[in-house]
Amino acid sequence: MKKIIILILWYCTVGLSQSNAQYNFPEETGWNFIIERIFNGENNEVPIYQGDINIILINFKNNENQLIVEDIIKELRSLIPNKITTSTIGHGNLILEIVPKSSGMRFYSNQRIFKERILSKHHKLQLENLTKNEKKKILEYSIIRSLCVLQNNDYHTFIGNGILDYKNQSNPLSSNFTDADKFLIQNLYTPDFLEKAKHQIVNKYSWRYYMNFAYKNEVKWFAVIFCTLIIFLVFIASYKTILIKKFRKTYFNYLLPGLVIVYTSFIVLEAYHRMTSMAVGMKPAFLSPIINNLVWLIPISILYLLERRFVKPTQSISKQLKLKAFFTISLLFITIVPFMIFIDKPHLRLILTLVAILIFFSRMLFLYLQAHSEAMLHKKDVELSKLRELKAQAEVASLHARINPHFLYNSLNSIAALAHSSPDKTEQMALSLSDLFRHNINRKNEATSSIQDEIDAVKAYLEIEQIRFGDRMTYSIEVDKDLEQVQIPRNIIQPLVENAIKHGMSKVSGNGFITINIHKEEEYLTIQVQDNGPDFPDGLVSGYGLQSIHDILQLSYGKNASLNWENHPVKMISISIKHPNL
């Protein structure tokens, strides 16, 4: 009965010490101490021993050492009740072996969560010639450090010389089993540790920290989608204004798209890092330095000079892309490697590597899309050019069709006027009209003809008009021999002659004359038609035929041809053509 009462009192004492443990620091400080050391900023999984923790003592021939370990275990049992057991030989989670001959201690651990041997350690510490207190510090340090995994985070909360104060403690003799260490061990092995930690994180840290703590995979997927959206929005915003825009200075065609790609890469990686990291008090580590200096101007400028020197428009698209890819990856390597030499943090090196990869593939994607876009535009331009050519040919053919009935109408009126009074002249006019239409009809929808053919048609037309006007009309035609076979648009001389007769010579009471002169003035072909009729009115010359000639010239030569008229020193209308065959 007495033994039972002692056991009950002992249990109550241990239980009360466990449930009512008081520490000389605020609970918030204790949880800061825990979160900084236990969570690695990457996930919310904590490696701890599963089930009971069995500490096995082997070769403990030194009674003092065994008593020290038993005292440590007794204190741990007050923090982690019903969790720690001991034995002197066997197999279990922990093995503590002290070999007096070598005065060394080996400490092993296994069977942690995820089946990782994270805490396997081999200590060689001299225990001989040490005081009992020093031996206790060494053994206490080894056991306490084995019960948790300290992360390589930046610690901001320190209690002072605690066993778990630092990731790497060089001298266990300078450490103490502090209240902070006990608070960490006690809470780490409670069943609801993760729930308590989440509660503290929600109250203490940002929503970003908590979301990464509780929903790591979901946050990563969201970060990927968000960063993709950033890239898409930047691409849409800068596509026409920067990426494919052709600037007057070709250097800007490299500088501005290059800066967009570089800075977008850093912004995307910075955004992803900030969204998926659980680090506390994180500051932009890459964005500000890159934006605040223009170091990237150097490789972009070199890239511009290299591609301007070695990449030629006459090369195939495939060869151009290969050369640009080689220059890009070479400059990235030369730019990134010097930074990586002086950076001793692996995660920074990884980020710089990812930046280089992202910049390379972004630029190659941009170049591919640009080349594809230019090829599509070129194809469209060719198609539009063919359509314009077909349209121009159709319009010219339409103009020719409109001109011919106009000639026919005037000629038939002249024939009708002479039919009763002069049959011979009527016959001659009909034959000349036949020659005129033979000139126009015996063609295979050709848009041009030689100057000689055009003059023959004009002569046939003038013979018809001379029969109608008789001795009142005279005409002369002068053509340079070298120009007789030069090709010009069909039916651009006849309307000028028709206009000279209808609005010029026919208006005078006496004799009238028509003069046709075709010659070369430097690189221009000049066709002149003169008459002695009334002056041209001010402004535009009216007349259906003249408008048709103007349209044909514009469709055939554009700005390289013009239609002009003047009243002084002689009344004349002329065509000037910058002809490629002169």
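Guide: Before we begin, two strands are said to pair if DSSP finds at least two bridges between them, and the strands themselves (E, at least two residues), like the helices (H or I, at least four residues), are DSSP runs numbered from the N terminus. This is a predicted model, in which local features need pLDDT of at least 70 and side-chain atom pairs count only at pLDDT 80 or more, while totals for chains, interfaces and linings use all residues. Residues are numbered from 1 along each chain as its sequence is written, and side-chain values use heavy atoms, with hydrogens and water left out.

Visitor: Which residue takes a positive phi in the hairpin of β8 and β9?

Guide: That residue is E522, with a phi near 60°, in a hairpin that has 2 residues between its strands. Strand β9 covers residues 524–531 and pairs with β8 in the antiparallel sense over 8 bridges, with I518 standing opposite I527 in β9.

Visitor: In what sense do β6 and β8 pair?

Guide: Strand β6, residues 473–479, pairs with β8 in the parallel sense over 7 bridges, and here E478 stands opposite N517 in β8.

Visitor: How many residues of β8 are buried?

Guide: In general, the side chains of a regular strand alternate between the two faces of the sheet. Buried means under 20% relative accessible area, exposed means over 50%, and partly exposed lies in between, with a 1.4 Å probe and protein chains only. Strand β8, residues 512–521, is mostly covered, with 7 of its 10 residues buried.

Visitor: How many aromatic pairs does the count come to?

Guide: Rings of Phe, Tyr and Trp (its six-membered ring) pair if their centres lie within 6.5 Å, and planes under 30 degrees apart count as stacked, over 60 as edge-to-face and the rest as tilted. The count by this rule is 12 aromatic pairs. In one of them, the ring centres of F25 and F183 are 5.8 Å apart and the planes stand at 80°, so the pair is edge-to-face. Because F25 lies in the loop between α1 (2–19) and α2 (27–38) and F183 in helix α5 (residues 179–188), the pair ties together parts that are 158 residues apart in sequence.

Visitor: Over which rings does R37 lie?

Guide: A charge sits over a ring if NZ of Lys or CZ of Arg is within 6 Å of the ring centre and within 35 degrees of the ring normal. The charged end of R37 sits over the ring of F33, 3.8 Å from its centre, and R37 also lies over the face of Y155, at 4.2 Å from the ring centre.
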